[in-house]
Amino acid sequence: MKSNLEKIISTVLSDCEAQWKSICIDGITYTVFALPYTQLDLPPEGYAFVDSYYVASNKAYFLRKKLCEDLAQAGFETVECTLPYKNIAHLAGLGVPLRSTLIANETYGTRMALEIIGVRGVFAEEASLSNAAKKPEISEICSSCGICEKLCPNGCIGDGSFLRERCIRSLQEASDFPDEAAADSIGTQLWGCDICQRYCPFNKHLESREMTEKEKELFSIENLFAAFSSGKKGCEPYRDILGGNYLRPAKLTALVLSVMANTANPKQYEKYAAAMLNHSDERVRKAAQRLTDKINNQ
Ligand code: SF4
Ligand code: SF4
């Protein structure tokens, strides 16, 4: 059974540069895998930042689905993992926990999407449930670093604490900003925030890359607005980038308007603000008003 499990996992994951490790807790063998990605450079004027993490995360989700199907077909009972993924990744030896709450791997740094699959049975080294449930110690390197803590615009990262509700990723998901400072903090990051990872020493061996021509077309601020404000169909080309669950036209339209307001010259987007001031969704109206206020105060 064990060699069959390893063979199935290897068949699905070895073609996509993934690394994986397994560990057994309470009679369930968890295989955690890391799918790497190359982050984009900071975008030039006229473009928004869309974090490549989401592309990898989306791909990892479908790889996990495929693994579940193949394992079930081979007679394994697959089990959902209710334990924190990052704890399992750490216990299995896939990475070290960091102050930024991420996990860093020697090869991929923090630039990886994690997924996990459980199968009933003991097919790997065993670890205790209490170890898997408790918060792991963060890397010693973090104690003498603190770069992410200093750089986070919203002060989310503390010594052993994390203010998730102020994290830009959470603010973008809600597409609602509690105050002006929070709305400003996203800058021109439409989806995702890379600030705490870009200068993390665990990523210093990794290069970022320029946008491809296709990405330039997709991430131009004007094209993003045109796509999202035209409804579900317009959002479709972004399915593999943002993930199906995040394709909400009103939410994304409000986010693009927020990005426009945070550019060096919001006035160039005046017509978009005017067109959205009476939108049926409150988030869009608020973002259009904020853009209008920025233009008026320019
Ligand atoms: S930036 Fe420094 S403190 Fe923050 S996670 Fe990376 S190594 Fe740790
Ligand atoms: S993702 Fe951005 S907002 Fe969230 S902790 Fe990192 S730097 Fe702060």
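## Helices H11 and H14

Helix H11 (residues 221-228) packs against helix H14 (residues 249-261) at an angle of about 155°, with the two axes 9 Å apart. Helices here are DSSP runs of H or I with at least four residues, numbered from the N terminus. Axes are lines fitted to C-alpha atoms over the stretch in contact, and angles run from 0 to 180 degrees between N-to-C directions. H11 and H14 are therefore roughly antiparallel, a label for angles over 145 degrees.

On the H11 side, Ile221, Leu224, Phe225 and Phe228 make the contact. They meet Pro249, Leu252, Thr253, Val256, Val259 and Met260 in H14. Contact means that C-beta atoms, placed from the backbone, lie within 7 Å. Nine of these residues are nonpolar, one is polar and none is charged. Ala, Val, Leu, Ile, Met, Phe, Trp, Tyr, Cys and Pro count as nonpolar; Asp, Glu, Lys and Arg count as charged; the others, Gly among them, count as polar.

## About the model

This is a predicted model, in which local features need pLDDT of at least 70 and side-chain atom pairs count only at pLDDT 80 or more, while totals for chains, interfaces and linings use all residues. Residues are numbered from 1 along each chain as its sequence is written, and chains are lettered from A and ligands numbered from 1 in the order in which they are written.

## Helices H14 and H16

H14 also packs with helix H16 (residues 282-296): their axes come within 8 Å and cross at roughly 10°. H14 and H16 are therefore roughly parallel, the label for angles under 35 degrees.

From H14, the contact includes Ala250, Leu257 and Ala261. From H16, it includes Val284, Ala288 and Leu291. The contact of H14 with H16 has nine nonpolar, two polar and four charged residues.

## Two domains

The protein is divided into domain 1 (2-39 + 52-142) and domain 2 (212-298). These bounds come from an automatic or database domain assignment. The C-alpha centres of the two domains lie 35 Å apart. Four residues from domain 1 and four residues from domain 2 make the contact.

## Around the ligands

The shell around ligand 1 includes Cys142, Cys145, Cys148 and Cys200. A residue is near a ligand if its C-beta atom, placed from the backbone, lies within 6 Å of it. Helix H5 (140-143) and helix H6 (147-151) each give two or more residues to this shell. It holds nine nonpolar, two polar and one charged residues.

Around ligand 2, the residues include Cys152, Cys156, Cys167, Cys193 and Cys196. Helix H7 (168-174) and helix H9 (195-198) each give two or more residues here. The shell around ligand 2 has eight nonpolar, one polar and one charged residues.

Methods. Parallel < 35°, antiparallel > 145°, perpendicular 65-115°, else oblique. Contact = placed C-beta atoms within 7 Å.
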